[in-house]
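Here are my notes for you, as numbered points. Keep the model open beside them and find each residue as you read.

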Amino acid sequence: MMAASLVCGGKTVCDVGCDHGKLSLYLVKEGRAQRIIATDINRQPLDKAIELFKKNDMERVGEFFLTDGLQDIGDTQDITHVVIAGLGGETMGQIIEAAPFIKTQRVQLVLVPAQSAPRLRRYLFENGFSITGEHTVEEKKKYYAAITALYTGEKRCPTLYDCYIGNSGQCEGESAAGYFEMVLSQLRKKQKGQEIERGECSEELRFAIEKVQGLVR
């Protein structure tokens, strides 16, 4: 639902790693997408998505591809949004990098990494994407960031804090508090590792920890 809420006015929306297809179906039923391209690297979940669209008499607005990410999906001209939810941040970066139309067409990205969000943010910053918004969300006591991004061509060298927090520092509420606690725990583990390896942690890491501590209330 968080990912769906960040798609608005979609012409053709790509749902990468579509799994059972529920997000794809919701987007077209709610008028957030006119058409869906759903992809998955595994046959079984893709078949479930196809069947779900058939049961709801929505086959006419969906195309389904057994493929890795956005490879070999045909005409991309009408694609306005790409949604990738539930994959790792590093994998998301690889999928985006392998789909140059995302940059040339200035496609809106909606990204909800299951893990490795810092690696995803680093990829976006270093490869000319602007993070246009972030929202935190909780599911079964686990916390995630939902990131929207757009290619601008402006590359930047992010700090460690940028990679771990990005724009989520502006979020409020219980899910934000839980997310900041989770990030702080990750950074403290990184600190212990550096102290064991080097005898002390880097100044950049110390700065990031201090800034995240300021977010934890």
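1. Let's start with one word: two residues are in contact when they have heavy atoms within 4.5 Å of each other. Leaving out residues up to four places away in sequence, Val82 touches Cys14, Val16, Leu70, Phe101, Ile102, Val107, Gln108, Leu109 and Val110.

2. Before going on, a quick word on what you are looking at. This is a predicted model, where local features need pLDDT of at least 70 and side-chain atom pairs count only at pLDDT 80 or more, while totals for chains, interfaces and linings use all residues. Residues are numbered from 1 along each chain as its sequence is written, and side-chain values use heavy atoms, with hydrogens and water left out.

3. Now the cores. "Buried" means under 20% relative accessible area, "exposed" means over 50%, and "partly exposed" is in between (1.4 Å probe, protein chains only). A nonpolar core is a set of buried Ala, Val, Leu, Ile, Met, Phe, Trp, Tyr and Cys residues joined through side-chain atoms within 4.5 Å. The largest one here has 45 residues, and Leu70, Val82, Ile102 and Leu124 have the most contacts inside it. Which helix gives the largest share of this core? That is helix α8 (residues 174-198), with six residues. Another core, of 22 residues, lies apart from it and includes Ala3, Leu6, Val13 and Val83.

4. A note on labels: helices (H or I, at least four residues) and strands (E, at least two) are DSSP runs, numbered from the N terminus. Take helix α2 (residues 22-29), where Leu23, Ser24, Leu25, Leu27 and Val28 are buried. The buried residues of α2 pack against α1 (2-5), β1 (10-16), β2 (33-40), α3 and β4 (79-85). Just after α2, look for Gly31, which has a positive phi of about 75 degrees.

5. Next, salt bridges: a side-chain nitrogen of Lys or Arg within 4 Å of a carboxyl oxygen of Asp or Glu. The whole structure has nine of them. In one, Glu134 and Arg121 have their closest N and O atoms 2.9 Å apart. This pair links distant parts of the chain, with Glu134 in strand β6 (residues 129-139) and Arg121 in helix α6 (residues 117-126), 13 residues apart. Are these two buried or exposed? Both Glu134 and Arg121 are buried.

6. Another salt bridge joins the side chains of Glu126 and Arg122, at 3.3 Å from N to O. Why are Glu126 and Arg122 separated by about one helical turn? Because they are four residues apart in helix α6. An α-helix has 3.6 residues a turn, so residues three or four places apart point the same way. Glu126 is partly exposed at 36% relative accessibility, and Arg122 is partly exposed too, at 31%.

7. Lys103 and Glu97 also meet through their side chains in a salt bridge (3.9 Å, N to O). Lys103 is partly exposed at 23%, and Glu97 is partly exposed at 41%. Keep both names in mind for the last point.

8. On to the rings. Rings of Phe, Tyr and Trp (its six-membered ring) pair if their centres lie within 6.5 Å; planes under 30 degrees apart count as stacked, over 60 as edge-to-face and the rest as tilted. A search of the whole structure gives three aromatic pairs. One is Phe53 with Phe64, edge-to-face, with 5.1 Å between centres and 80 degrees between planes. Phe53 lies in helix α3 (residues 43-55) and Phe64 in strand β3 (residues 62-66), so this pair ties together parts eleven residues apart in sequence. Phe53 is buried at 1% relative accessibility, whereas Phe64 is partly exposed at 21%.

9. Last, Tyr123, which you will find in helix α6. Tyr123 counts as buried, at 13% relative accessibility. Setting aside neighbours within four places in sequence, Tyr123 is in contact with Gly93, Ile96, Glu97, Lys103 and Phe129. Tyr123, Phe129 and Tyr151 form one aromatic cluster.
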